[in-house]
Amino acid sequence: MSKDVYKEFSDSVDREVAKLVDRTNREAARAVDRALGRTGAARAFDTARWQRRLDELLATHRVPGAALAVLADGEIHELAGGILHTGTGVETTTDSVFQIGSVSKGYTAALILALADAGKLDLDRPVVTVLPEFALADAEAARTITPRQLLNHTSGIEGDYVNDTGRGDDCLARYVDGTRDVGLTNPPGATMSYSSTAYNVLGRIVEVITGLTWDEALRELICEPLGLRHTMTLPEEVLRFRAAMGHMGEPGEDPVPTPLWNMLPRSAGPYGGISATAADVVRFARMFIDGGTAPDGIRVLSAAAVEAMLTREVEMPDQWFLGAHWGLGWGLFEWDGARGFGHDGSTFGQLAYLRAIPEKGLAIALLTNGGGAAPKVHEALCRELSAELAGVAMPAFGPGDNPPTVDTEPFIGRYKREGFLMTITAPAGGDSGDGGDGVLNLRYEGVEGLAGTFDPLVWHLTPVSDTPAKTVFAGRRNDKDAWIPVVFYALPDGTRYVHFGVRATARTA
């Protein structure tokens with residue numbers, strides 16, 4: 001046997017032995033966790049009971065269909081309910097594919113961390129060292145923004161820049177060419193403001209470093225090693241499977257199908273273009289629970305990279321919507337002392353939710369095809385599953401029985417970012433209208449290029465807490481809506497901001 005052949009054979013044996021040892025160690029660790037009760041599982045997963053609960057919630061909240069996957073005690077449990085399309089009546093099954101929207105950002109973040117792992121990218125050097133062509137309306141900001149700031153949403157880049165640059169493999173390159181006209185919500189590093197635009201820049205970084213399209217890199221570096229056979233990015237791939245159709249409708253109404261299956265262009269891929277089954281989303285989340293390895297022992301991310309993605313980087317002004325902190329790609333929360341991560345996603349008529357608590361071995365993915373009350377289905381299932389399978393209580397958000405008295409005058413005014421205007425007003429005559437009982441109204445509407453694209457929306461705000469650093473309100477449009485956080489605060493330079501929908505918007509008048 002030649003030296004080269006022997007070395008190749010020896011290396012192959014070493015790799016297989018390493019995989020076996022890694023897998024054996026992880027299985028042993030899970031057995032110890034189960035013996036010590038560290039999984040928090042109070043009982044075995046009762047598939048029939050959770051199926052009944054899923055069906056009940058879908059019917060109550062008029063959500064056409066959903067798929068649910070739960071990782072508990074080392075096993076993935078899959079459920080499905082309802083129908084994929086109210087026009088066809090096709091049944092939702094566990095192998096049905098849904099659009100997962102912004103949950104896709106976690107996958108793009110994992111690609112970036114894999115490149116940093118390999119020494120091909122420095123997260124703290126400016127983006128322009130990799131993408132010399134990267135430009136923004138603020139030239140100085142473009143020269144200083146780093147990949148880390150893109151990952152943790154502190155870049156300040158306006159978050160909702162959509163540009164259909166075609167179906168070609170150059171769509172992301174052309175998208176980044178267009179960001180030269182995109183402005184900032186805030187100075188880089190000054191505050192957290194969710195930015196889909198930033199994640200498309202990250203996607204382009206992946207392409208430049210790997211020489212692959214973002215879609216190819218996702219498949220080769222993430223999907224294939226993890227065995228994600230029902231995770232895809234292009235419509236022609238989705239056509240191979242049973243796919244959900246989005247539906248639109250207000251809470252309490254029967255939703256109707258959206259006019260198009262997907263209104264996002266291919267260039268939206270890194271921030272929101274993945275379609276998958278619920279079980280595949282949980283399989284992806286499981287990698288972070290297992291320290292960066294696939295079930296067969298293949299290492300996809302280093303343990304250090306996983307830890308970096310789950311380490312608190314930024315405190316959120318809004319502590320409730322997606323977690324109290326943000327890491328490198330994930331929203332981070334803590335329930336009863338147990339740390340977790342997750343993300344929400346929405347496209348036109350489809351909503352996706354992922355929550356995971358690594359130390360409990362729990363991951364929950366719920367994919368839905370619309371209806372205004374889908375968030376209530378997620379909240380109920382996540383709360384009940386977390387309590388039963390992990391022994392932790394998911395906190396609720398909303399005003400208390402005796403809301404604090406707040407001086408609302410400093411918050412009244414206009415808050416604007418590109419394409420969107422929020423106007424904060426006092427209710428006329430003390431009545432917020434539409435059944436609202438808030439002390440302020442928040443009117444949200446599209447302006448400039450988004451003018452007239454949707455009817456203005458009004459939330460009625462009730463105080464939750466008031467401190468020198470920030471004042472928190474709970475907002476809802478009517479008594480059928482879930483409460484959402486609305487946070488007013490100021491930067492050190494005195495600029496007033498409102499944090500709403502995980503985005504920072506400066507007061508302009």
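Modeller: The structure holds 24 salt bridges, a salt bridge being a side-chain nitrogen of Lys or Arg within 4 Å of a carboxyl oxygen of Asp or Glu. This is a predicted model, in which local features need pLDDT of at least 70 and side-chain atom pairs count only at pLDDT 80 or more, while totals for chains, interfaces and linings use all residues. Residues are numbered from 1 along each chain as its sequence is written, and side-chain values use heavy atoms, with hydrogens and water left out.

One of the pairs joins the side chains of Arg204 and Glu207, at 3.0 Å from N to O. These two residues are separated by about one helical turn, because they stand 3 residues apart in helix 7 (residues 196-210); helices (H or I, at least four residues) and strands (E, at least two) are DSSP runs, numbered from the N terminus. Both Arg204 and Glu207 are buried, where buried means under 20% relative accessible area, exposed over 50%, and partly exposed in between (1.4 Å probe, protein chains only).

Arg355 and Asp344 also meet in a salt bridge, at 2.9 Å from N to O. Arg355 lies in strand 12 (residues 350-357) and Asp344 in strand 11 (residues 338-347), so this pair ties together parts that are 11 residues apart in sequence. Both Arg355 and Asp344 are buried.

In the salt bridge between Glu334 and Arg312, the closest N and O atoms are 2.7 Å apart. This pair links distant parts of the chain, 22 residues apart: Glu334 is in strand 10 (residues 331-335), and Arg312 is in the loop between helix 12 (303-309) and strand 8 (314-315). Glu334 is partly exposed, at 40% relative accessibility, and Arg312 is partly exposed, at 34%.
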